[in-house]
Amino acid sequence: MHAVWLFVLAVFCTPAAAETWRLQVPRTPFDYDSGYDGADYRPLDKASHAWRLCVAYPHLKDAYWLSVNYGMVAEADRLGVSFQLVEAGGYPNLQRQIRQAEDCVATGADALILGTVSFGGLTGAVKRISQTVPVIAAVNDIADAGITAKVGVSWTEMGAVAGRVIAARHPKGTAPVKVAWFPGPEQAGWVKFVEQGFRAALEDSSAVVAVTKYGDTGREIQVRLVEEALDEARDLDYIAGSAPAAEAAVSVLRARGMQGRVQVVSDYMTHAVYRGVIRGRIIAAPTDLPVLQGRLAIEMAVRAIEGKLHIKHAGPKIQIFDQNSLSSGVLEQSLAPASFVPVFDFQPHQ
C-alpha cells in the first residue's frame, strides 16, 4: 500500500473502535418498503481470528466503487482480516462474476461479500456458495435466496431524492421542462428501483422525461449516450442520471458551449460529481455514504462468520449533497482520499 494513504488510513481508522455508526435498519430485513428504525450501531472491536474474505464488485469503472473499496480496506485493517477482490468489468458480465465469485470462494474464503451485477442472475451461484460460507450483499440489491445479510439503501429512494431536486424547482402548473434520463444499465438490479423513484418524484412537477438512455456506467458509453440525447432532443433543460452520466454531461455540455443552458443532476456521489457540485456544474446528488457501506459490509461479514450477526440488514441514511449542505462528515463517509488506489489483495498491516 502507498505510504501516503497508509497515513490517511491510519488516521481514519484510529477512532473506529470507539465510535458508533448511525444507520437505518428496515423493520423487516431485506424489505425496503417495511419502514425503518434508526440505530446507533456499534461495530466489533476486533475479529476473533484473521479471517479471509472474498469481495466481488460489478466493476471499478467509476469512483463510487473505489470509495466502497476504501471503506473495506479501512475496516478490514481495523478488524485484522484480509480479503481478495475481484471485479466483473461491468454489468453485462454476469457469467464472469459468477465464475469469479465461485473461484474466489474455492480458494478457501470464510465469507463472500457480493456487489452484484444482477438482481436475480446470481441466485443459483449464491445458493451454492451459501452452503459453505456466509454471503453478504453489498450496495446493489439482490434476490434474497442464500443471502445471509444485506448492506445497502433503497435505490428507489436514491432515485426519488434526485428527482425531487428537479421537481422542487418546477412544481406542477409551472412552465414545462424537459429531462434526459440516464438510469444506467437496464439489466442491473438497482436500475429498475432508481428509475421507479425518479419517475415517481417527477409526477407532481412540470418536468417531463423527454428521452431515456440505458447503458453501462463506463465513461465512454455515457459520453456517447449524452451526445445522442442532446442530438435527439435539442431543447433539453436537464440531464439526470448515474454519476458517470452526470460526469459525461459536464464534459459534453462544456465542449458544446451549453453550460448553464442544461442543468445536471446525479443520482449518486463520486469524486467528479463532488467537484461538479463545488464548481456549480452539477446541481446536487444524493449520497448513500459508500465508504461507510464498505466498512459495514466487512464488519457484518465478520459477524456472520463468528455467529454474532444480530442485524441482518442495514445501511446509512441517504443525504443530499449540494452547495448548501457541504459537510466534512458526509465527505469522509462518501469519498475515498484522492491518493487512494484500488486494493485487490489486502493484508492487515498490524
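The largest cavity is lined by His 59, Asp 62, Tyr 64, Trp 65, Tyr 91, Val 139, Asn 140, Trp 155, Trp 190, Thr 217 and Tyr 268. A cavity is a set of points, on a 1 Å grid over the protein atoms alone, where a 1.4 Å probe fits but cannot get out, and its lining residues have an atom within 4 Å of a point. The model is predicted: local features need pLDDT of at least 70 and side-chain atom pairs count only at pLDDT 80 or more, while totals for chains, interfaces and linings use all residues. Residues are numbered from 1 along each chain as its sequence is written, and side-chain values use heavy atoms, with hydrogens and water left out.

**Cavities**

- The structure holds 2 cavities of 30 Å³ or more, and the largest has about 70 Å³ of space, a volume being the space filled by probe spheres set on grid points that are joined across faces, edges and corners.
- The lining of the largest cavity divides into 7 nonpolar, 3 polar and 1 charged residues; Ala, Val, Leu, Ile, Met, Phe, Trp, Tyr, Cys and Pro count as nonpolar, Asp, Glu, Lys and Arg as charged, and the others, Gly among them, as polar.
- The second largest cavity has a volume of about 30 Å³, and its lining residues include Tyr 32, Val 139, Asn 140, Asp 141 and Lys 150.
- Strand E6 (135-138) and strand E7 (149-151) are the elements that give two or more residues to the lining of the second largest cavity.
- Helices (H or I, at least four residues) and strands (E, at least two) are DSSP runs, numbered from the N terminus.
- By class, the lining of the second largest cavity has 5 nonpolar, 2 polar and 2 charged residues.

**Pockets**

- The largest pocket (an open set of points with protein on both sides within 12 Å along at least five of seven lines) holds about 410 Å³ of space.
- Of the 26 residues that line the largest pocket, Tyr 32, Asp 33, Tyr 36, Ser 154 and Trp 155 lie nearest its centre.
- Helix H5 (155-169) and helix H6 (189-202) each supply at least two lining residues to the largest pocket, and H5 gives the most, with 4 residues.
- The lining of the largest pocket comprises 13 nonpolar, 6 polar and 7 charged residues.
- The second largest pocket has a volume of about 190 Å³, and Arg 219, Glu 247, Arg 254, Arg 275, Arg 279 and Arg 281 are among the residues that line it.
- The largest share of that lining, 4 residues, comes from H8, and the lining divides into 3 nonpolar, 2 polar and 6 charged residues.

- Helix H10 (residues 290-306) has 17 residues and reaches 24 Å from its first C-alpha to its last, close to the 24 Å expected at 1.5 Å a residue, where the expected span is 1.5 Å times one less than the number of residues.
- Because 17 of the 17 residues of H10 are buried, the helix is largely enclosed by the rest of the structure; buried means under 20% relative accessible area (1.4 Å probe, protein chains only).
- Gly 307, which follows H10, has a positive phi near 70°.
- Asp 77 lies in helix H2 (residues 63-79) and counts as buried at 6% relative accessibility.
- The C-alpha atoms of Asp 77 and His 349 are separated by 6.8 Å, although these residues are 272 apart along the chain.

**Overall fold**

- The protein chain has 11 helices and 15 strands, and buried residues make up 59% of its 350 residues.
- The C-alpha atoms fill a box of roughly 60 × 40 × 35 Å along the principal axes.

Key. Buried < 20%, exposed > 50% of the residue type's maximum accessible area, 1.4 Å probe, protein only.
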